[in-house]
Every structure is written in C-alpha cells, then in structure tokens.
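Here is a short briefing on a structure. Please view the sequence and the coordinates alongside the notes.

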Amino acid sequence: MDNIQAGVPIEQAGQKNAAGNGVVMKQFPLVAIAVAKNISDADMAEFIITYTKATHDSDTAVLASLVHHKFLTSLLKTEPDKLNKKALLHELIRFITPYESRFPNDDGKISTMLSLLSDCIIEKTGKLSLSDEEIIEIFGRGELDPNNPKDIFRSGYVIFTL
Amino acid sequence: MGAPVEMITQQQIFAKHGKVEDYLPIKDNMFFKKHTFESDKTGWVTDDTILTFALIKSYNELGKLDLADIFKKHQEEFEKFPYGF
C-alpha cells in the first residue's frame, strides 16, 4: 500500500516473497463476478495474477490465488449433492499445473500437495480420512518464530487456505 | 468466527473457546494482539474484510473490474483503518 501510494505501478508494488493469505481472503467477490458474468478461468487468471502481485509478489501467492479461484468457482457451479471431492481436486491439479511452470515457486508444488490430499479421500464415502491435526502433520503448518513471525506464512499455506 | 480462530484447528478452537456461538473479541488473534483496541466490543472485522468491501464497492460503481480503481479504494480503506495492515 505504501508503494502504491508512492506511485509505484500496481503490478510492481507488491512485497517480494510475501505469501500470506491476504489475497485469498478477499477473493470471493471475483469468483461471484466470474460465475455471474461467465468469465473464463483463463481470462480471470490474468487479472488475478496482477491483483495478487500488487500486494503479494511471490509465485506461491499467485499459485494459491489461482487454485483458490478455480476451487471456489467449481464449488459455486456444483450442486452440493453432486460434489465429488476427488474429481474436484484432480480438476484443480489439471488447472494449476501449467501455471506451476510459469510461476516455479520454491515452497513445494501445489499440484503435488493436491494429489496427496486427493489420495487421502476415502473412495466409498468421499470423506477426507485425515483429522485437522493429521493434515497439519502431513502438510506442515509452519510455526511462529518469535524472531521472525512471518515464518508461519510459508509451509502448509495452500492446504490451510483450502 | 473470524479472526480470533484464524489458523488454529477445530480441536484448538474448542479447547480455547468452547462451543462458539457468537462473534469473539478480535484482540486475541495472533496477528492483531499487538494492537490496542479501544474496547472489547465483538464483531470486529479484519483488514481482509475491509479490502473485500473495497473491491465490491469498485465493481458496483464501475460495473467492471478496474485494477486502478480497486487499488484506489484499497488505498482509501488503508488510510482509514486504525490498526495498520
């Protein structure tokens, strides 16, 4: 915000390596607009990339914003009783994989994490076989470092968001 | 439940707050506890909610997604928010 106020172009204003949840927390209106106006995932993705980099200039944040958008639009378009979590996760993997080449983050591949999560869904019931604590144990939460509180923003970020 | 339970698990929420049936004071949130709040009123929202409203306000006014206007409204909210971002 200080950078934007100082006149730095929006697409260059974001904090380098920032990967907090600020963008995904304010993303739902974009999802509602995309669904209501039938804006394609590809078109909305380019907007979301700039929207994210304006405040959170990191590959991890961009990928998280993109997968979060796809996740929410898919949920909004799907009748609850027709929701297939495993299929949805595979849809997210197909969607995000090309972007992982464009934004090669170093916090672990989101497609790999989504695949791991998919493997933990019980086929018969469609329910996740993991408790919250087990999710954190497997995917990592990140702990608060008193000397560097931002450490919590790293590991497990996307899984926590989802 | 919002900010007071952000980034803690279901089990941790229950251990700390019991059954949550209403808004909780925001001041205990790990990202906000450094701020001094004027009162213990419940129902406080975070910077994320305020910026979400800024995006909606921009779209409602213009009828389209305009990055420059969205961040102009982000900026306006940023300047009004008393607790920092």
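Predicted model: local features only at pLDDT ≥ 70, side-chain atom pairs only at ≥ 80, totals over all residues.

Residues are numbered from 1 along each chain as its sequence is written, while chains are lettered from A and ligands numbered from 1 in the order in which they are written.

**Chains**

- Chain A holds nine helices and two strands; helices (H or I, at least four residues) and strands (E, at least two) are DSSP runs, numbered from the N terminus.
- The order of elements along chain A is α-β-α-α-α-β-α-α-α-α-α.
- Chain B has three helices and zero strands, in the order α-α-α from the N terminus.
- Of the 162 residues in chain A, 33% are buried; a residue is buried if 20 or more other C-beta atoms lie within 10 Å of its own, with C-beta atoms placed from the backbone.
- Of the 85 residues in chain B, 19% are buried.
- In chain A, 65% of the contacts between residues at least 6 apart in sequence join residues at least 24 apart; a contact means C-beta atoms, placed from the backbone, within 7 Å.
- The corresponding share in chain B is 26%.

**Nonpolar core**

- The largest nonpolar core has 33 residues; such a core is a set of buried Ala, Val, Leu, Ile, Met, Phe, Trp, Tyr and Cys residues joined through C-beta atoms within 7 Å.
- Both chains contribute: α2 (22-25), α3 (28-36), α4 (41-53), α5 (59-77), α6 (85-102) and α7 (110-119) of chain A, and α2 (47-62) and α3 (67-80) of chain B, each supply at least two residues of this core.
- α5(A) gives the most, with seven residues.
- A:Leu63, A:Leu66, A:Val67, A:Leu92, A:Ile96 and A:Leu114 have the most contacts inside the core.
- Beyond its neighbours within four places in sequence, A:Leu66 touches A:Ala45, A:Ile48, A:Ile96 and A:Tyr99.

**Helix pair α4(A) and α5(A)**

- The two axes come within 9 Å and cross at roughly 140°; axes are lines fitted to C-alpha atoms, for helices over the stretch in contact, and angles run from 0 to 180 degrees between N-to-C directions.
- The crossing of α4(A) and α5(A) is right-handed, meaning that the near helix is turned clockwise from the far one by less than a right angle.
- On the α4(A) side, the contact residues include A:Ala45 and A:Ile48.
- On the α5(A) side, A:Leu66 is among them.

Methods: Buried ≥ 20, exposed ≤ 12 C-beta atoms within 10 Å, placed from the backbone. Contact = placed C-beta atoms within 7 Å.
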